[in-house]
Amino acid sequence: MSLTENTPLESLDEWEDDVQARYPEPEKPFTPHKDKAEFRDYENTTRPTVREFYRINHKFQTYDFVKQKKQEYGGLDHKQMSIWEAMEFLNTLVDDSDPDTSLSQIQHLMQTSEAIRADGHPRWFVLTGLVHDLGKILCLFGEPQWAVVGDTFPVGCKFSDKIVFPQFFADNPDVENGAYNTENGVYESGCGLDKIEMSWGHDEYMYMVAKDCLPEPALYMIRYHSFYAAHREGEYQHLMTDHDREMFKWVRAFNPYDLYSKSPTPPDVKALRPYYEDLIAEYFPAQVAW
Ligand SMILES: [Fe+2]
Ligand SMILES: [Fe+2]
């Protein structure tokens with residue numbers, strides 16, 4: 001177990017396993033998922049690595065940090081590669097997880113997309129499943145785990161107490177800043193999520209990469225798939241537009257495939273590759289800017 005500030009998690013998947021433990025069943029939207037006792041129970045049983053991960057994530061994800069990262073990556077000038085190359089690039093991510101029991105990153109992506117395909121959803125939806133986590137290549141650009149994965153949340157306004165481990169925000173310097181401490185913070189009521197700065201990670205980065213290639217519901221799924229405080233807890237309604245709420249139906253439709261699509265047999269990447277190469281070519285150029 002490595003309890004360092006940059007890599008508290010043994011693998012990136014450890015965070016997702018924890019989300020699944022927190023939300024064991026697909027649920028109806030806006031149903032508070034746990035009563036107080038259950039929530040305490042979750043906090044007490046969370047692995048020390050994951051707990052430490054949330055602690056530093058909540059401490060360092062500030063409004064200024066987000067602005068700086070959006071600036072740094074928004075130009076998409078880090079790398080040129082195809083979607084498939086990005087999948088293979090992500091596969092080179094080595095972590096401390098057990099290689100005998102864990103799936104490769106590509107297999108993880110394909111489990112999600114194959115589950116979506118099996119349910120007969122449109123082709124862009126299947127593709128969204130395939131690419132939604134490719135932003136995790138941020139790790140390979142040297143970003144620490146806390147700036148790549150984790151539940152996402154708005155910065156620049158009051159942190160919801162429905163965000164996992166809200167007590168850790170006490171160490172975030174933004175709570176000392178009066179401008180960021182009200183319900184709306186630096187935003188206007190009902191301004192829409194597009195105007196909101198979200199904590200930085202693989203979701204926002206992949207949204208930037210895919211912005212001109214995929215239909216709007218797909219972009220919402222990608223951009224907000226880790227925004228559990230909104231899509232599972234119903235928080236931050238005051239910053240949304242009716243259009244955001246409409247689009248969140250898609251975000252919620254996507255979530256079960258993200259969290260619960262683990263199949264007993266790992267997908268056969270080689271056999272599936274031709275299907276996915278065709279699908280990728282329908283929406284993305286041969287070279288994508290990252
Ligand atoms: Fe993700
Ligand atoms: Fe995912």
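Student: In this predicted model, what makes α7 roughly perpendicular to α12?

Tutor: The axes of α7 and α12 lie 10 Å apart and meet at an angle of about 105 degrees. Angles of 65 to 115 degrees count as roughly perpendicular, so α7 is roughly perpendicular to α12.

Student: Which residues make the contact?

Tutor: From α7 come Arg123, Trp124, Val126, Leu127 and Leu130. From α12 come Tyr276, Leu279, Ile280, Glu282 and Tyr283. By class, this contact has eight nonpolar, no polar and two charged residues.

Student: Why are α6 and α7 called roughly antiparallel?

Tutor: The axes of α6 (residues 105–118) and α7 (residues 123–131) cross at roughly 165 degrees and come within 7 Å. An angle over 145 counts as roughly antiparallel, and α6 and α7 are therefore given that description. The crossing of α6 past α7 is right-handed.

Student: Which residues of α6 and α7 meet?

Tutor: Leu109, Met110, Thr112, Ser113, Ile116 and Arg117 of α6 meet Phe125, Val126, Gly129 and Leu130 of α7. The contact of α6 with α7 has six nonpolar, three polar and one charged residues.

Student: How do you know that the buried residues of α5 are on the same side?

Tutor: In α5 (residues 83–91), the buried residues are Ile83, Ala86, Met87 and Leu90. Around the axis they cover an arc of only 105 degrees, so they are on the same side of α5.

Student: What covers the buried residues of α5?

Tutor: The cover includes α6, α7 and α12, along with β1 (80–81) and β2 (288–289).

Notes. Residues are numbered from 1 along each chain as its sequence is written. Chains are lettered from A and ligands numbered from 1 in the order in which they are written. This is a predicted model: local features need pLDDT of at least 70, side-chain atom pairs count only at pLDDT 80 or more; totals for chains, interfaces and linings use all residues. Axes are lines fitted to C-alpha atoms, for helices over the stretch in contact, and angles run from 0 to 180 degrees between N-to-C directions. Helices (H or I, at least four residues) and strands (E, at least two) are DSSP runs, numbered from the N terminus. Angles under 35 degrees count as roughly parallel, over 145 as roughly antiparallel, 65 to 115 as roughly perpendicular and the rest as oblique. A crossing is left-handed if the near helix is turned anticlockwise from the far one by less than a right angle, and right-handed if clockwise. Two residues are in contact if their C-beta atoms, placed from the backbone, lie within 7 Å. Ala, Val, Leu, Ile, Met, Phe, Trp, Tyr, Cys and Pro count as nonpolar, Asp, Glu, Lys and Arg as charged, and the others, Gly among them, as polar. A residue is buried if 20 or more other C-beta atoms lie within 10 Å of its own, exposed if 12 or fewer, and partly exposed in between; C-beta atoms are placed from the backbone. The arc is that of the directions from the helix axis to the C-beta atoms.
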